[in-house]
Amino acid sequence: LRWSIAHLNDASPATLHRMQALGLGWLLQNAFYFRGEAFIGQRGFDVARFAPPIVSALRMQLPIGGGTDAHRVMSHNPFVSLQWMQDGKTIGGVPMRAPEELPTRQAALRIFTAGSAWITHDDRQRGSLKPGFLADLAVLSKDYFTMPIDEIGSLRSVLTMVGGRMVYAEGPYAALEEKLPK
């Protein structure tokens, strides 16, 4: 088993070190996208600047899996979470996290892919595009690596493959949708 902690939005450096020593992973959700202003009101901007301490945990090589904490409290859309990881802003546009705690695009994407595969113990078959791994991939509506960060939340998949099998297609790939098993 791989143990992890979820909903740890304001982890201290001591807590991150304890997690590292215990071999724990961290399930990171974007709850502060919706409730960031409330957190700032309760704890202040000084604490919010490091909530959550994503880059600090990455520097420690702490395994982090990305998620959305969806349906009850958040959108299921992973791109909203990817945008929030990188800009640190609430739904109201309030910047919370300090720039030094904002991961790069590549680091945020790795959290959702390779990091989540580690959490689920699938890291020997998922989370990377390389020989011998399952072909789980999405062709996106825009280029994630070059588009403005504040637009990442509007991305969508126009072609999705799971295990090398196409499961969704739209737009330029819509004709392929007809070939999907019903």
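**Pockets and core of the predicted model**

Helix α6 supplies seven residues to the lining of the largest pocket, the largest share. The model is predicted: local features need pLDDT of at least 70, side-chain atom pairs count only at pLDDT 80 or more, and totals for chains, interfaces and linings use all residues. Residues are numbered from 1 along each chain as its sequence is written, and side-chain values use heavy atoms, without hydrogens and water.

The largest pocket holds about 980 Å³ of space. A pocket is an open set of points on a 1 Å grid over the protein atoms alone, where a 1.4 Å probe fits, with protein on both sides within 12 Å along at least five of seven lines; lining residues have an atom within 4 Å of a point. Its volume is the space filled by probe spheres set on the points. Of its 28 lining residues, L109, T113, D136, L137 and A138 are the closest to the centre. The lining has 15 nonpolar, nine polar and four charged residues.

The second largest pocket has about 260 Å³ of space. Here 17 residues form the lining, and L58, I64, R110, A114 and G115 are the closest to the centre. Helix α6 again gives the largest share, six residues.

The largest nonpolar core has 32 residues. Such a core joins buried Ala, Val, Leu, Ile, Met, Phe, Trp, Tyr and Cys residues through side-chain atoms within 4.5 Å; buried means under 20% relative accessible area with a 1.4 Å probe, protein chains only. Helix α5 gives the most to this core, five residues. Helices are DSSP runs (H or I) of at least four residues, numbered from the N terminus.

How values were computed: Buried means under 20% relative accessible area, exposed over 50%, partly exposed in between (1.4 Å probe, protein chains only). Helices (H or I, at least four residues) and strands (E, at least two) are DSSP runs, numbered from the N terminus. Ala, Val, Leu, Ile, Met, Phe, Trp, Tyr, Cys and Pro count as nonpolar, Asp, Glu, Lys and Arg as charged, and the others, Gly among them, as polar.
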